Amino acid sequence: DCSGRIGLVFDRVTGSSGMERLTLDPAAVRSSARELAELHLKLHEIRSPAGLPRQADLLRSRVAGNERLTRAQRDRLMALLASMPGEETLCHGDFHPGNILHTARGPVIIDWMDASSGWAMADAARTSLLSRGHIETSEAAPEVRDAMIRYHGFYVERYLEMAKADAAGLGRWFPIMAAAR
């Protein structure tokens, strides 16, 4: 009993993560990235269950609490956030290859602690920013960094293609998601 509150029930899942699979088969950059995008879009086709936190509320709180921003920057981001149309899509909040386990029954998405009800494109922008940040801070060999850059590009390309969206729509979310991070 969760006393009327939403709760998470975890299953034990055994499998290799998307990151592990990519490390084992670097030639699979394109197919792995496209698979990630397709799985993300399938997730975004699900209407969020009642009781999940609202992504807009989480973003407002995180932007308001970001002390690295000036008051004017926070105000601009809050206005931009307020201008976005409402959505009630199931959003993961931390969707990346390390949170996908490939099991005998297929891919399983793990680490739902940041799940919310909100904008699919904002969730995709967060995935893109996580990937770009990982690339920027990586001390990997040049060929691995090149593979990571290609992976990110293939993910974004496939996601936008399937979502029938454009890069500008995704890009509108970058400042908000970066400030909330």
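1. Helices (H or I, at least four residues) and strands (E, at least two) are DSSP runs, numbered from the N terminus. By this definition the chain holds eight helices and five strands. From the N terminus on, their order is β-α-α-α-α-β-β-β-β-α-α-α-α. The radius of gyration, taken over C-alpha atoms, is 17 Å, close to the 16 Å that the globule rule gives for 181 residues, so the chain is as compact as a globular protein of that length. The globule rule is 2.2 Å times the number of residues to the power 0.38.

2. This is a predicted model, in which local features need pLDDT of at least 70 and side-chain atom pairs count only at pLDDT 80 or more, while totals for chains, interfaces and linings use all residues. Residues are numbered from 1 along each chain as its sequence is written, and side-chain values use heavy atoms, with hydrogens and water left out.

3. Strands β1, β3 and β4 form an open, antiparallel sheet in the order β1-β3-β4; two strands pair if DSSP finds at least two bridges between them. At the edges lie β1 (16-17) and β4 (106-109), each pairing on one side only. Two bridges join β1 to β3 (residues 100-103), and Ser-17 stands opposite Leu-101 in β3.

4. Helices α2 (residues 29-44) and α5 (residues 120-137) pack at an angle of about 150°, their axes 10 Å apart. Axes are lines fitted to C-alpha atoms over the stretch in contact, and angles run from 0 to 180 degrees between N-to-C directions. The angle makes α2 roughly antiparallel to α5 (over 145 degrees).

5. In contact (heavy atoms within 4.5 Å), His-40, Leu-43 and His-44 of α2 meet Ala-120, Asp-123, Ala-124 and Thr-127 of α5.

Terms used: Angles under 35 degrees count as roughly parallel, over 145 as roughly antiparallel, 65 to 115 as roughly perpendicular and the rest as oblique.
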